[in-house]
Amino acid sequence: MVGRIRRWQQRHWRERSKADRVELYTVVTWYGTTWFFSLGWLLLPLVGGLDHRPVALVLGALLVLVAALQCAASNRLTRPALDHYLGRARLPARAHGVPAVLLGLALALLVALAALDAADPAVVRLAIGAALLPFGVLYGLTVPVRVFLRGAALLAVLLMGAVGLADPDGAGILVTGVIVAFQTVFSLLACRCGAWTLAVLWEAERAREVEARLAVAEERLRFGRDLHDVLGRNLSVISLKSELAVQLARRGRPEAVEQMIEVQRIAQESQREVRDVVRGYREADLGVELAGAQGVLTAAGIDCEVRAATGGLPAEVQSALGWVVREATTNVLRHGDAGRCEVELAVREGHVVLTVENDGVGAPGGGGGSGLAGLRERLAAVDGTLEAGVVGTGRDRFRLVADVPLRTVRGVTS
């Protein structure tokens, strides 16, 4: 049983974003609130306040059945109504038809109980509130507030008139109006305020996703600028020198060979520089990469703490670990739903250890030369290792650890 609960939690909770979790919690709360308040306001007073005549018992049983049907219909309409409010889908044309019929039937049964004097007047007033709740919480979510208030005012007048005819008691008529007004305000606060909060949360979630995509796009632009800087000038020189060599060759001048040798040298140099750009963005500086990672994650709304001292590390180690920082930052942005990320770089017993840990558990990127496999290949060049996986007592954190022994890097001793 515990294993099933954990699998359900992994499938339906941990894989959801924060906004998804809040929405799921809100919807489940609405489900429970509808049943709890509706049946609580109805059943508890009805048990002690209902007359024991057969007609009263039959009307009371029918009222409880209709109330249960109201709650079921309200739960069924909750998701479509919320999607309509959030602008994700349009509500079906006659979605409120069945709930409205059930509301009318419940109110008719209550008026009949009042007319036959088959229940205590206070019980009838409380039951009116219980009947209004399942319909009001969703109707107030799908229509403008002014339309909802006008409808509530009209319904209050009709109910006060019907209850007044069945039981001509001035105080009871006034209490009926107060009950309708209370349920009107409660319905707006219970559903519309919660839905508005969800709308704001989803807007913030979309803004965060846009920031993350912009951060990744800015990194790609930086790579493009580096590539342009490397190739732009060299290709221009190659074009000019090859054109000069053609002209010299047509004239039979021996300098054409020297020009083509120079073209060959520049082309080979360009190849080497392009490889450097693709492999490490021109030998990535670890300090720059750490600062850039902190800036990018902070811009994406993730609290990032960096504890590192990069001084004295060999260039090969800095380049390899710079790639780890860059890839780990990309994974935090693209995968999982992190709110905090911690980066630590420390030298321990002749090893330099880079640890990147975040609280957004997600599948790390992989494949080709850009995922964890590519990082392991780069670290292998300096005899380093890479470990990555879910950690923590609640299995709610993802940790990436890169370990490079300093003593194996070009004769550096620990």
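A polar contact is a pair of N or O atoms within 3.5 Å, of which, within protein, one must be able to donate a hydrogen and the other to accept it. In this predicted model, the side chain of Thr-34 provides an example, since this side chain reaches the backbone oxygen of Trp-30 at 2.9 Å. Thr-34 belongs to helix H2. With a relative accessibility of 4%, Thr-34 falls under the 20% limit and therefore counts as buried. Apart from neighbours within four places in sequence, the residues in contact with Thr-34 are Cys-71, Ser-74, Asn-75, Leu-133 and Pro-134.

Leu-133 marks the place where H5 bends by about 40 degrees, and the proline Pro-134 follows within four residues. H5 comprises residues 121–142, 22 residues in total, and reaches 33 Å from its first C-alpha to its last, close to the 32 Å expected at 1.5 Å a residue. At the start of this helix, a side-chain oxygen of Asp-120 comes to within 2.9 Å of the backbone nitrogen of Ala-122. Of the 22 residues of H5, 18 are buried, so the helix is largely enclosed by the rest of the structure.

Helix H2 also takes part in a pairing of charged side chains. Side chains of opposite charge can pair when their charged atoms come close. Glu-23 and Arg-79 form a salt bridge with an N to O distance of 2.5 Å. Because Glu-23 lies in H2 (residues 18–49) and Arg-79 in helix H3 (residues 54–85), this pair ties together parts that are 56 residues apart in sequence. The two partners can be described in terms of accessibility: Glu-23 is buried at 3% relative accessibility, whereas Arg-79 is partly exposed, with a relative accessible area of 29%.

The count of salt bridges in the model comes to 15. Among them is the pair formed by Asp-83 and Arg-88, whose closest N and O atoms are 2.7 Å apart. Arg-88 is partly exposed, with a relative accessible area of 42%. Another salt bridge joins the side chains of Glu-255 and Arg-253 at 3.3 Å, N to O. Here Glu-255 is partly exposed at 28% relative accessibility, and Arg-253 is partly exposed at 40%. Elsewhere, salt bridges that share partners connect Asp-303, Glu-305, Arg-307, Arg-340, Glu-342, Glu-344 and Arg-348 into one network.

Key
Residues are numbered from 1 along each chain as its sequence is written. This is a predicted model: local features need pLDDT of at least 70, side-chain atom pairs count only at pLDDT 80 or more; totals for chains, interfaces and linings use all residues. Side-chain values use heavy atoms; hydrogens and water are left out. Helices (H or I, at least four residues) and strands (E, at least two) are DSSP runs, numbered from the N terminus. The expected span of a helix is 1.5 Å times one less than its number of residues. The bend at a residue is the angle between axes fitted to the seven residues ending there and the seven starting there. Buried means under 20% relative accessible area, exposed over 50%, partly exposed in between (1.4 Å probe, protein chains only). A salt bridge is a side-chain nitrogen of Lys or Arg within 4 Å of a carboxyl oxygen of Asp or Glu. Contact means heavy atoms within 4.5 Å.
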